[in-house]
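Thanks for coming, everyone. Let me put the structure up, and then I'll walk you through the contacts.

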Amino acid sequence: MQLFDVLKPDVLFPLLLSMLFGVFVGAIPGLTATMAVALIIPLTYYMKPVAGLAMVLGASFTAIFAGDIPATFLRIPGTPASGAAILDGFELSKKGKGSLALMLDLFCSALGGLIGVVILITVSPPLAKFALQFTHFEYFWLGIFGLSMAAVLSRGNTIKGLLSATLGLLISTIGIDVTTGYPRFTFNVTELMDGVSFIPAMIGLFGLSEVLKRTSEKSRLQLSAVSEVVRPNLKETFAHIWNHKFTLLRGALVGTFIGALPGAGADVAAWVSYGVEKNVSKDEELGKGSVRGVIAPTSANNAAIGGTWIPALVFGLPGDSITAIVLGAMLMYGLRPGPMIFTQSRDLVTQLFAVAVLIQILLIPVGWLGIKAFSLFVRLKTSLVMTAVTIFCIIGSYALRNSVFDVYVMFVFGLIGYVFEKLRIPLAPMILGLILGRTVEDNLRVGLIKTKGNFLPFLTRPISLALFVMIVLVLIVPPLTKTFSKKKV
Amino acid sequence: MVRKALVLVLLAAVMLLAFAANYPRKPVTIICPWGAGGGTDRLARFLADELSKKLGQPFTVVNRTGGGGAVGHAAGAYAAPDGYTLTLVTLEIATMHWMGLTDLTFEAFDYIAQVNEDPAGVIVKADAPWKTLEDLLNDIKANPGKYLFSGTAAGGIWDLARIGMLDAAGISPDAVTWVPTTGAAPALVELLGGHVHVVTCSIAEAVSQIQSGQARALAVMADERHPMFPDVPTLKELGINWSAGTWRGVAVPKGTPSEIKKILEDAIIEIASSESFKSFMQANGFGIKIRRGQEFYEFVKQQDQAWKKVLELGGYLQK
C-alpha cells in the first residue's frame, strides 16, 4: 500500500531532518519558515517528490511552532507568525509559567495543525472556491478588523497605543506605491523601494530593544535570562486544553480559513484569531497572561499552513510565500498543480496528506526537544544570552535579503523600541500597523480603481457587507450593552 | 644579470597568462535580483550547478531582492569587474531607470549570454465570452472603460505589454482599466475569482491554469507560436504588430577582462545547448532563446528604447 511508503526511511529520514532544521530556524529570530523552505527546496530536486514535499511541510509546521519559543521566553517572535505570542505567552513566562505556555503552544500547534490538515483533506475544493470570492473589497475589511486589534493591544493607554499604531501605518507607506508605481518617501534609497522590510523592523523592535533594556539594568546581567526550570506538566496542560477546547477549535477554524485566502497567511491568521477570541470569550485577562491568549493564536498559525495548501493544490495558486515556492518546485518535480493533480497524481496527494498528519504527531517530540534546548540556552547568564541574541538579530536581518541596509533598519527599530518602552508606549500596535497598513491601503485603493472611485461595492458585495456588519457589531455592541446594563442598575 | 631579468619577465608573463586562463580560481557568486524559489531563482540555481560542474569551482546564487529588481542589478553592476560576480539580468534592467527607480542603466554591464525569453499571453477565464482575441478587442472598442486587466504592478512589464498591444491594435490604452497586483500569481487569483476580465502575463506563469482548463490563452505576444500551446495564435498573425515578453541572461560588470568573458560565454552557451537544460526549461515552462554576448547587448539596447516608448504612452516615464 503506497500510503505506508511515507514510513520508509527515504521519506521519514529527510522529514525528521527538516523538522529539526525547522525548530532551529523557527526559534532564531529573523530566520523565517519561508527562508527555511527556500533553503531546503534546491536539495529536494534530487529526491522523490513526496520526500521533497514532506521536507517542506515538516520545516514549515515546526518553524511556525518554534517561533513561539523565543516569543515566550524572551518576548522576541521567532517568525512573523508568532507576533501574537509575545503577549500572553511572555506574560505567563514572567509569572514563572513559561513551561505551561510552551506546552500549550506545542500541543495546540499540533492539534491546530491537525485540524487544518483534516480540513485540507476533506473540504478543499468548496473552501477554495469560496476563498476565491474574496477580492480587494473583502481583504480591506479583513485588514480593518486586524487593525482594530490595536485597541485591544493598547488597553488602558489609548493615546499612546494610537500613536504607536499610527507610526506603524506611516512607516508602511514607504516604498513603491503599487497603484501608481511611484516611489514614496524613499529619498532615492534603492533599498527602501520595497518599503521598510518587516522582519528586520520586528527583530529590532522586540529583539534588540530587549537586549538594550536588559543591559541597561546592570544588576541582572549576572542572573540567568529566564530563571524557570522547564518541566512538562502534562496533566495541567491537558486540563487547560480541555477547558479551552472551543478556543482551540475556533483558532484552528479561523486559521485554516485565513490561510486558505490567497491574500493572507499565518501571521494575519494569528492576529485575527486573537481578535476573535477577545470578542467571543470576553476574557478580561487577555493580554495579561491568559492561557486563551496562548491557545488562540498558536492553534491558528499552525492551522493556517494546512489552509495555504488549499488554493495551492486546488487551483495551483499560492496561499502564501511558502506555497509560492512550493508551486515552483512542483513544476521541477514534473507535477502540474491545479485541479487535475487530485486525479493525475492521486497517490502523491494521498501520501502528502499522510505525511501532513504524521508531522503533527512527530511535532510533539521534536518540538519538545526544541523547547528543552532553548530553555537550557536561556538559563545561561543574561550577559551571554543577550550577546547571542544580538548576534542573531544581526544575522537574521542580514540574511533576509543579504542586505547590510536591513541591519541598519534593525538597529534603528531597536532604538525606537527601547525608547518607546521607556516612555511606556506599547510596541505591538506598531507591528500591527506595519503588517496591515499595506493590506488596508492597497486593497482600498486597488478596489477603488476597479470601481472607478465608487465606494459602494465595499458595502454592497455580500461578503463585504457581512464583514462590515461584523466589525461594526464587534466595536459597538460591547460598549452599548455596558451602558444599558448600567442604566438598569 | 640580463638573463636573470629576462627569465623573471618571462616567468611573470607566463604567470599572467596562466592567471587569465586559470579562471575561475575561487568560488563565483551569481546575483539573482529576485526572490528564492521564483522562476529567475530556479534558473540561476540551475546555471550555477552546471557552471560548477563545468568550470570546477563552486558557483553560488545570492538573492539580492528589492526595489523591483533595482537592488540586485545594482549590486551586480557595481561589483569588482573580475569575473567573480555574475548577475542574472532580467528585462527590468531596460525599464526601471526610465521609471526613476534607479540611475543604473543597461550600459553598466557587459553581456555574456541570453538564455531565456518568455512571451506574454492574453489570458481569460475558461468561461469568458470571447472566443478569439478579435472578439475581445471589438468588445473593448464597443465598451471603453468597461473591462479590467491585470498581471502585475502599475508600470510593470505585463502592464507595458498590455499598453503596447492595445496601442498597436489602434485602441487607446485608457479603454481598459489596469488593476495593479504584486505579480502574475495574485492576478491569476483575481482572474479565476472573476474579479478581473483579462490577465496579460507570461505564458510560463499561467501554464498550470491553462493546462488544467481553468483559463484560456487568446494570443501570445511573440513572433512565433509557443511550443507548448501550438493552437494559440500570435499577435502578428492577427495583424497586430506587437511582441512583448520577459527575458533573462547572464551579465558581468563593465570592464571585465575579455578572456574571462570568453570562458563564461562558451560555458553558458554549451550549457544552454545541452539536453538537460532543455528538459529543465520545459519542466518549468520557460522558453529558450540563446543570444551570444554582442548580440545580447544589441538586443538589450533595442529593448531599452522600445520600452521607453511604451512607458511614455502609459504615462510612467520619469525622465
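**A tie within chain A**

Start with A:Glu138 and A:Arg461: their side chains meet in a salt bridge, at 2.9 Å from N to O. By salt bridge I mean a side-chain nitrogen of Lys or Arg within 4 Å of a carboxyl oxygen of Asp or Glu. A:Glu138 sits in helix H7 (residues 136-153) of chain A, and A:Arg461 in the loop between helix H20 (457-460) and helix H21 (462-488) of chain A, so the pair ties together parts 323 residues apart in sequence. Helices here are DSSP runs (H or I, at least four residues), as strands are (E, at least two), numbered from the N terminus. Over all chains, the structure holds 29 salt bridges.

**What we are looking at**

This is a predicted model, where local features need pLDDT of at least 70 and side-chain atom pairs count only at pLDDT 80 or more, while totals for chains, interfaces and linings use all residues; side-chain values use heavy atoms, with hydrogens and water left out. Residues are numbered from 1 along each chain as its sequence is written, with chains lettered from A and ligands numbered from 1 in the order in which they are written.

How confident is the predictor? pLDDT is its confidence in each residue, from 0 to 100. Chain A has a mean pLDDT of 87, and 98% of its residues reach 70 or more. For chain B the mean is 90, and 93% of its residues reach 70 or more. For the complex, the predictor gives an ipTM of 0.83 and a pTM of 0.85.

**Chain A against chain B**

Now the interface. Contact means heavy atoms within 4.5 Å. On that basis, 41 residues of chain A and 46 residues of chain B take part. The two chains bury about 3400 Å² between them, 61% of it on carbon and sulfur atoms. Buried area is the accessible area (1.4 Å probe) that two parts lose on being put together, summed over both.

How many salt bridges are there between chain A and chain B? The count is 1. A:Lys450 and B:Glu190 form a salt bridge through their side chains, at 2.5 Å from N to O.

On the chain A side, the elements giving two or more residues are helices H2 (33-44), H14 (321-332) and H19 (428-450). H14(A) gives the largest share, 4 residues.

**Inside chain B**

Last stop. Chain B is assigned domain 1 (2-117 + 246-314) and domain 2 (119-220), with bounds from an automatic or database domain assignment. Their C-alpha centres lie 32 Å apart. Here 14 residues of domain 1 contact 12 residues of domain 2. About 910 Å² is buried between these domains, and carbon and sulfur atoms give 80% of that. The salt bridge count between them is 0.

Technical notes. pLDDT is the predictor's confidence in each residue, from 0 to 100.
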